[in-house]
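Subject: Structure handover and findings

Hello,

Please find the structure below, followed by notes on what was found in it.

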Amino acid sequence: MRSRALGIAALFLLPNLLGFLAFTLFPVVASFALSFCRWDPVAEPVSAIEPVGLRNYVDLVGFHSRTDSGGQTSWVANTPRFWESLYNTVFMMLAIPFNMAASLLLAVLLNRKMRGMAIFRSAFFLPSITAGVGTMLLWMWMFNKDMGSINQVLAWVGIQGPDWLQSYFWAKPALMLMASWAGIGGVNMILYLAGLQQIPRELHEAAALDGAGRWQQLRHVTVPMLLPVTFFIFIISIISGLEGGFDAPYVMTGGSFGTTTVSLYLYRQGFEFFRMGYASAVAWVLFLIVFLLTMINWRLAEKRVEY
Amino acid sequence: MPSRIKSGPLVVYGLLVLLAASMLFPFYWMAITSLKGKADVFSTEPKLIPGRQLAERVVDDPRWFFHSGTDNYSQLLAWQRLVESGSGPRGFSRFVLNTVFFALAITLGQVITSSLAAFAFARLRFPGRKQIFFAYLATLMIPATVTMIPSYILLRELGWVNTYQAVILPSVFTAYGTFMLRQFFLTIPREIEDAARIDGCSPLGLYWRIALPLSTPALAALSIVAFVGSWRTFMWPLIVSSTEDLFNLPLGLTLFRGMYTDPDWPLLMAGSMVMTLPLILVFIAGQRYFVEGIRLGAVKG
């Protein structure tokens, strides 16, 4: 009976489980092992994978070893490219609180029984569905220095817009602006809307009886009640902010002008410079950062979301 | 304060219209540009309403739209530069067909494999169920950047780099879909299942005749999320495909961008329209399932 149950379960499970083993579990283990190795996938067969200990990680932090003519090994600082890419990534993540506030604002505006709300919700949601290479080319065109719509609008009010994507100062904000457009009306807004609809009406009524105005209600009833969903969105945003951000700089700036994110850096190291071991080390450091931040966030959430 | 009560909804509507307009403006700009000629874009006269000239032209001569207005689109479809592709359609239409094929294959694969596994996790008893499910859950957090390098090596060792299965296979097996459908299957009352079992229904019959039909909203949600995701997928196809006959629209479009140092924006916007418009249509057709998908997916946190 036991073996029959197992047989039937295997029938259901195997298609997914085989893929899970091949494309998730094996890669995780292999990636960890590879991060302590050196391998060029173009020049060498798999059998040439060679362990190098912590060298990839030391290299990533910013040093490489050099052996001089006397046979003395010393550590030399190299260009901290990894840190640069991490800085760029974190800089662009500074938009997260503003985006979250915007998502909340949109949700508050939509959360009322008035005609046409579904249409507005769809309009806000649409950019997040369509975001991809197509809309990235569109934003490249909108950011165009002379003919782009953004600089045309700025010209009406007498401002000469910059060459957005070709400037160290403006390239990051430009990508952040596009990401906000694609993000604020998406999943986060829907989550906030669901959160708002779960707040008991009595709480607002009680606050109103106590003489609280609209703003005070938002500040003292809505925002505290939304704390759990806010934490959830914050964590997800941080994770996707650290791990994502490949497509936009790859397509729109090629990573120039301070827009190389960690994931773009990782891709370049692995698939353009063929440093598979080093790229794996970058992936693991990134994963570790994400993991630690998530743990810290959960701890904070546990402490603060009790009332 | 009667005046305040009256003006409230108006202010809200005004704000909503303004916000919606600014969110939708980029689509308008894309559509308008895609209908222009390259020279039109470079006329520097200020345009308060960018589409006015176009609208005037169409009003003057409605046939113009079908001759010149669609120039960019016919130019796109006629574009052929593929040398590597041995057979089948070439050029831009190849990118379109590839995208459709990838999206359908990945969606179908995800729905089949994850609904089967979800049924096992939700409804079957077998040794190791908890442990295996925990392993699935644990990997939800693991980023694609960690798994992509060994996945690439695996496919290379199989000799599958630059094949259709290399693009499709790794995206077919989803822990997220399995988790989401399991949550949904758990809500199906046991009584229904017991009754069917007494009538002699096999596990496969329970899955096919009870679990699946009762879960159409969840299946639709997963299908739509999978379809939209695989339609726009960029990084993985970039890694595993090296010749143009395998490119999807996102890869194909970057090819176009790279072809000109002085980009032909109207042509590029026509290409972006071809990629974006189907997503808009899918969204309009299935938007309530999107919301459902978010609701079901968020439970995982």
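How many bridges join strand 3 of chain A to strand 4 of chain A, and do the two run parallel or antiparallel? The two strands run antiparallel and are joined by 5 bridges, with strand 3 covering residues 63–67. Before going further, please note that this is a predicted model.

The strand pair in chain A

Phe63(A) has Ala77(A) as its bridge partner in strand 4 of chain A. The hairpin formed by strand 3 and strand 4 of chain A has 5 residues between the strands, and Gly71(A) takes a positive phi near 85° there. Strand 4 of chain A, residues 73–77, is hardly covered: 0 of its 5 residues count as buried.

Domains of chain A

Chain A is divided into domain 1, residues 2–79, and domain 2, residues 82–304. Between the C-alpha centres of these two domains of chain A the distance is 32 Å. Their contact draws 16 residues from domain 1 of chain A and 12 residues from domain 2 of chain A. On the domain 1 side, at least two residues each come from helix 1, strand 1 (37–38) and helix 2 (55–61) of chain A. Helix 2 of chain A supplies the largest share of that side, 4 residues. Sorted by class, the side of domain 1 of chain A that touches domain 2 of chain A has 9 nonpolar, 4 polar and 3 charged residues.

Domains of chain B

The assignment for chain B gives domain 1 as 2–78 and domain 2 as 91–298. Here the contact takes 13 residues from domain 1 of chain B and 12 residues from domain 2 of chain B. Helix 1 (2–34), helix 2 (38–41) and helix 5 (71–78) of chain B each supply at least two residues of the domain 1 side. Helix 5 of chain B gives the most to that side, with 5 residues. By class, the side of domain 1 of chain B that touches domain 2 of chain B is made up of 6 nonpolar, 5 polar and 2 charged residues.

For chain B as a whole, the secondary structure comes to 16 helices and 0 strands. Of the 301 residues in chain B, 39% are buried. Taking contacts in chain B between residues at least 6 apart in sequence, 76% join residues at least 24 apart.

Helix 12 of chain A, residues 227–243, has 17 residues and reaches 24 Å from its first C-alpha to its last, close to the 24 Å expected at 1.5 Å a residue. The buried residues in helix 12 of chain A are Val229(A), Thr230(A), Ile233(A), Ser237(A), Gly241(A), Leu242(A) and Glu243(A). Just after helix 12 of chain A comes Gly245(A), with a positive phi of about 70°.

Ala207(A) sits in helix 10 of chain A, residues 201–209. Ala207(A) counts as partly exposed because 17 other C-beta atoms lie within 10 Å, a count between the limits of 12 or fewer for exposed and 20 or more for buried. Leaving out residues up to four places away in sequence, Ala207(A) touches Ala212(A), Gln217(A), His220(A) and Val221(A). Gln217(A) is 10 residues from Ala207(A) in sequence and 6.6 Å from it in space, C-alpha to C-alpha.

Backbone angles to look at

Most residues other than glycine have a negative phi. Phe274(A) is not a glycine, yet has a positive phi of about 55°. Phe274(A) is in the loop between helix 14 (262–272) and helix 15 (276–304) of chain A, and is partly exposed because it has 15 C-beta neighbours inside 10 Å.

In chain B, Asn162(B) has a positive phi of about 65° although it is not a glycine. The loop that holds Asn162(B) runs between helix 8 (144–157) and helix 9 (164–172) of chain B. Asn162(B) counts as partly exposed, with 16 C-beta neighbours inside 10 Å.

Regards

Conventions: Residues numbered from 1 in each chain as written. Chains lettered and ligands numbered in written order. Predicted model: local features only at pLDDT ≥ 70, side-chain atom pairs only at ≥ 80, totals over all residues. Expected span 1.5 Å × (residues − 1). Domains from an automatic or database assignment. Contact = placed C-beta atoms within 7 Å. Nonpolar A, V, L, I, M, F, W, Y, C, P; charged D, E, K, R; others polar. Pairing = 2+ DSSP bridges.
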